[in-house]
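Let's take a walk through a protein model together.

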Amino acid sequence: LGDILKETGRLAVSGTGAMNIRLNQRLSSIPEVRSYTVNPTCSDAGTAIGAASFALREMGLSIKPLKNVYLGPAYDTDQCINACLHHPEKPHWEIIPFPHKKAAELLANGQPVAWFRGRMEFGVRSLGNRSIFASPAQAGITDAINQQVKFRESRRRFSPSVIDSVAKEFLPRDKQDQFMCMSLPVSMRWRERYPEVIYADGTTRAQVVTKEANEDLYALLTCFQEITGHGLLINTALSRPGEALACSPEDALNVFIGTDLNYLILENILVTKRQGATAW
């Protein structure tokens with residue numbers, strides 16, 4: 001390994017151990033490492049990508065760099081409306097012309113928002129298409145989400161999605177990770193400004209969002225920044241404890257109804273609860 005690093009300066013890791021964000025931070029900080037890559041599908045599920053890559057290589061075809069992991073299913077607005085109509089709790093819904101602006105306004109007012117748009121993420125991280133977002137500037141929001149949505153210890157922090165223009169100042173410039181696979185140090189100025197997304201050791205596990213990788217999430221972050229001046233959002237998985245990431249509109253509705261969330265955006269509709277709805 002040492003000889004490889006001296007020659008190339010590049011290090012790539014895979015396997016479930018690669019999801020250890022603090023180990024990744026330490027490995028990326030080795031002086032000889034100029035480029036450090038963590039495969040975002042580090043699990044048995046990633047075997048499919050490895051097998052496909054091997055097959056392409058054997059066929060003599062070039063393998064293009066991974067730009068994003070939005071490889072799962074997508075659902076249109078009509079399918080989302082149909083899911084609402086057939087859900088036992090019959091939630092309220094309305095079509096909204098500008099979902100990014102509406103979500104940004106709710107977030108700016110201190111409301112967490114469940115967000116279901118585009119193709120589902122492949123892998124273990126929620127990267128902005130099946131997410132619950134919240135404002136990192138809202139004092140106590142971490143405790144609220146832990147108690148009302150995730151049902152876990154209040155001390156546990158969440159990770160942020162950061163627009164690339166802000167990430168240049170928020171994170172070390174040579175460590176920009178778009179897959180939330182690495183913990184990174186944050187300067188004291190940013191720690192004091194956004195304590196809700198900072199771990200006890202002064203690091204955070206951030207997703208750097210570019211327009212090329214996720215235009216939809218980029219638009220949401222842009223709207224939120226225009227309203228509040230903050231170019232990042234708390235991002236946690238659209239799921240309940242012990243459950244997989246929501247895949248279908250029905251899954252998203254069950255998470256929404258089964259928690260204390262007040263707002264869910266399903267593609268181009270805004271969903272709210274019918275009075276007296278029961279948890280699922």
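Arginine 274 has a relative accessible area of 32%, so it counts as partly exposed. Keep in mind that this is a predicted model. Arginine 274 forms a salt bridge with glutamate 89, and the closest N and O atoms of the two are 3.0 Å apart. Why do such pairs form? Side chains of opposite charge can pair when their charged atoms come close. Now look at where the two partners sit: glutamate 89 is in the loop between α4 and β3 (92–95), while arginine 274 is in the segment after β12 (269–272), so this pair ties together parts that are 185 residues apart in sequence. Is glutamate 89 buried or exposed? Its relative accessibility is 7%, and buried means under 20%, so glutamate 89 counts as buried.

Another links glutamate 153 to arginine 156, with 3.8 Å from N to O. Glutamate 153 is partly exposed at 38% relative accessibility, and arginine 156 is partly exposed at 38% too.

Next stop: threonine 228. You'll find this residue in helix α9, which covers residues 215–228. With 26% relative accessibility, threonine 228 counts as partly exposed. Its side chain reaches the backbone oxygen of phenylalanine 224 at 2.7 Å. A polar atom of that threonine 228 side chain also lies 3.1 Å from the backbone nitrogen of histidine 230.

Let's move to the surface. Leu56, Met59, Leu61 and Ile63 make up a nonpolar patch there, and together they have about 370 Å² of accessible area. Isoleucine 63 sits in the loop between α3 (47–58) and α4 (77–86), and it is partly exposed at 44% relative accessibility.

Finally, zoom out. The chain has ten helices and twelve strands. Its radius of gyration is 19 Å, close to the 19 Å that the globule rule gives for 280 residues, so the chain is as compact as a globular protein of that length. Of those 280 residues, 48% count as buried. Among contacts in the chain with a separation of 6 or more, 68% are between residues 24 or more positions apart. The chain exposes about 13900 Å², and carbon and sulfur atoms supply 51% of that.

Methods: Residues numbered from 1 in each chain as written. Predicted model: local features only at pLDDT ≥ 70, side-chain atom pairs only at ≥ 80, totals over all residues. Heavy atoms only, no water. Helix = DSSP H or I, 4+ residues; strand = E, 2+ residues; numbered from the N terminus. Buried < 20%, exposed > 50% of the residue type's maximum accessible area, 1.4 Å probe, protein only. Polar contact = N/O pair within 3.5 Å; in protein donor to acceptor, adjacent residues only side chain to side chain. Patch = residues over 30% accessible without salt bridge, like charges linked within 9 Å, V, L, I, M, F, W, Y side chains within 5 Å. Areas by Shrake-Rupley, 256 points an atom, 1.4 Å probe, with all protein chains shown as cover. Salt bridge = Lys/Arg side-chain N within 4 Å of Asp/Glu carboxyl O. Rg over C-alpha atoms; globule rule 2.2 N^0.38 Å. Contact = heavy atoms within 4.5 Å.
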